[in-house]
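Please look over the sequence and the structure, and then read on.

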Amino acid sequence: MVQAEWTFRQLRQNRSRIVERVLVVRLDAIGDVVLTTPFLRELRRNLPKARITLLVRPAIHNLVELCPYVNEVLTYEPPVSRYWRPFQATSRALRLARKQLWSRDFDLAIAPRWDVDSYHGSMVTFLSGARQRLGYSEKVTAEKSRLNGGLDRLFTHVIDGGVLKHEVRKNLDLIAFMGGTVEQDRLELWFDEGGELFVNRILEEHGIHDGDLLIAIAPGARDPKRMWPLSNFVELGIWVEQHCGGSLMIVGSQEEEQLGNMLRVRLQGKVIDAVGLSLREAGALLKRCDLFVGNDAGPMHMAAAVGLPVIEISCHPLGGSTGHSNSPERFGPWRAPQIVLRPAKARDPCSDACVSHAAHCIEGVSVEQVKEAMTTLLAQRRNRLANPTAVPLSST
C-alpha cells in the first residue's frame, strides 16, 4: 500500500493521467451524509476542475441534489436482507458498476466511512473501476477487523485513523491524507427559491409570523433505543405552549408519520406536523426555527447544519465508551450552540453503551432536564438577539 506520500499534487502530476473524474461513495444514513458536507466542499476546493460524482442512497438524493460541489448525484440501494446480503452486495454493486460507473472512467474513488462498512460501500468503490481507491482501514477498530476482514484489499490506499475524533474531522482527515488543505469545517445544506416559498406558505397557513418563537422537536430515530419516550415529548410540548408562548414543529421521516401524528394529536395549540416532508423541505423549515430538541438522528444534524441551537437527548451514558457509534464525542451536534443531555449512568445490564433494543438508558434523561436546557438556550437566544456578539453555549 502506498501511504502518506500520496498527495493531490502527485495526483495531478501522475504520469499516467491527471485526476479528472472522482467518485465519492456515501451510502450511509442522513446524519452521516450531512457530516460529509465539509468534506465535499474541501474536496472541490482542492480539485477545482475535476468532475465529482456523489453516490448516495435514493432516500438521500433530495438532500444533496443541489450540492454545488459535485457535478452529479447517483443513487444506489445497498442490500438489506441479512442472510443474502453478502451475495447481494457483490451482484448489485457489479450491476451498478456495469450500468453507471465503468463508463465514467473514474481516476479516483473515495469511501469516507470510518466505522464498520455495513452498507458495502467499499465493494462499490472497488468495483467502480477507479484506478486509485481511498478508504479507512479495516484495522481502525477491533469490530471492523472482525466484521470487515479483507476490506483493505479493496483499496489502493488506506488510512489507519484509529484516534478518536468527531466524524466531521475523520472525513476531513482524508483530505489531509492526500496532501490537501482544509480551510473550513462548517456543515451545509442547500436550498432553492421553491423551498423558501414552501416555508412561507406553511408558516402562513399556521398563523406563524416573523419573530414568533418556533421550536422543532424530533421524536424519532432509526434505532428504538435512541428514542426518548413519546410521553416525555408530550409533556415537554405542553410545557412549551403554556410557558414559552411558542409554536411547535414536529419533524421526522416518512416512516415516522404515525409517530408524528400521535404526538400532534396529544399536543395542544399551534403545531406544525412536518413529518414525512422531503429532506430539503424539512431542512428549509428547520432554518426558520429558533431551537431544536430531539434524539440522536438525522434531523438533529440537519438542525446543526442550518445553525440552529440544538438540544440532543442521547442514549449514551456519561462515562460510556467515547468510540461507540452513539457517542456524542463522535456524532454530537457540530459547530452549533448545543446542550447534549445524557443518562448519568448506564442501566443494568448496559455498561459502556446502551445495548437494549428499546428505550432503556435514555429514560435516565428527565423532562425537567430538557426544560432546564431549553430555558438556558432560549435565554441565550434572547441575549444573542439583543447582543449579536454573544458567545454561543456548548455543553455535553
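This is a predicted model: local features need pLDDT of at least 70, side-chain atom pairs count only at pLDDT 80 or more; totals for chains, interfaces and linings use all residues.

A residue is called buried here when its relative accessible area is under 20%. After helix 8 comes Gly179, a residue with a positive phi near 90°.

**The protein as a whole**

The protein contains 15 helices and 13 strands. Its radius of gyration is 22 Å, close to the 21 Å that the globule rule gives for 396 residues, and it is therefore as compact as a globular protein of that length. Along the principal axes, the C-alpha trace spans about 70 × 50 × 40 Å. Of the 396 residues, 56% count as buried, while the accessible surface of the protein comes to about 17600 Å², with 50% of it belonging to carbon and sulfur atoms. Among the contacts with a separation of 6 or more, 69% are made by residues 24 or more positions apart.

**Nonpolar cores**

The largest nonpolar core has 67 residues, and the members that touch the most other members are Val22, Leu43, Leu63, Met249 and Phe292. A second, separate core is made up of 36 residues, including Leu230, Leu263, Cys315 and Met374. Leu63, when residues up to four places away in sequence are not counted, touches Ile30, Val33, Val34, Leu189, Trp190, Leu279 and Met302.

**Strands with covered faces**

Strand 5, which covers residues 132-136, has 5 of its 5 residues buried, and it is therefore largely enclosed by the rest of the structure. Gln132, Leu134 and Tyr136 point one way from this strand, whereas Arg133 and Gly135 point the other way, and all of them are buried. Strand 11 is likewise covered on both faces, with Val310 and Glu312 buried on one side and Ile311 and Ile313 buried on the other. Each of these two strands has a parallel partner, as the table shows.

| Strand pair | Bridges and direction | A residue and its partner |
|---|---|---|
| Strand 4 (residues 108-111) and strand 5 | 4 bridges, parallel | Leu108 and Gln132 |

**Two buried polar residues**

Where does Thr53 lie, and what does its side chain meet? Thr53 belongs to strand 2, which covers residues 51-56, and it is buried, with a relative accessible area of 1%. The side chain of Thr53 makes a polar contact, at 2.7 Å, with the side chain of Glu72. Leaving aside residues up to four places away in sequence, Thr53 touches Val22, Leu23, Val24, Glu72, Leu74, Arg104 and Phe106, and Val22 is one of the residues named above for touching the most other members of the largest nonpolar core.

Asp107 lies in the loop between helix 5 (85-101) and strand 4. Asp107 has a relative accessible area of 2% and is therefore buried. A polar atom of the Asp107 side chain lies 2.8 Å from the backbone nitrogen of Glu20.

Technical notes
Residues are numbered from 1 along each chain as its sequence is written. Side-chain values use heavy atoms; hydrogens and water are left out. Buried means under 20% relative accessible area, exposed over 50%, partly exposed in between (1.4 Å probe, protein chains only). A polar contact is a pair of N or O atoms within 3.5 Å; within protein, one must be able to donate a hydrogen and the other to accept it, and residues adjacent in sequence count only if both atoms are side-chain atoms. Contact means heavy atoms within 4.5 Å. A nonpolar core is a set of buried Ala, Val, Leu, Ile, Met, Phe, Trp, Tyr and Cys residues joined through side-chain atoms within 4.5 Å. The radius of gyration is taken over C-alpha atoms; the globule rule is 2.2 Å times the number of residues to the power 0.38. Accessible areas come from the Shrake-Rupley method with a 1.4 Å probe; for residues, only the protein chains shown count as cover. Two strands pair if DSSP finds at least two bridges between them.
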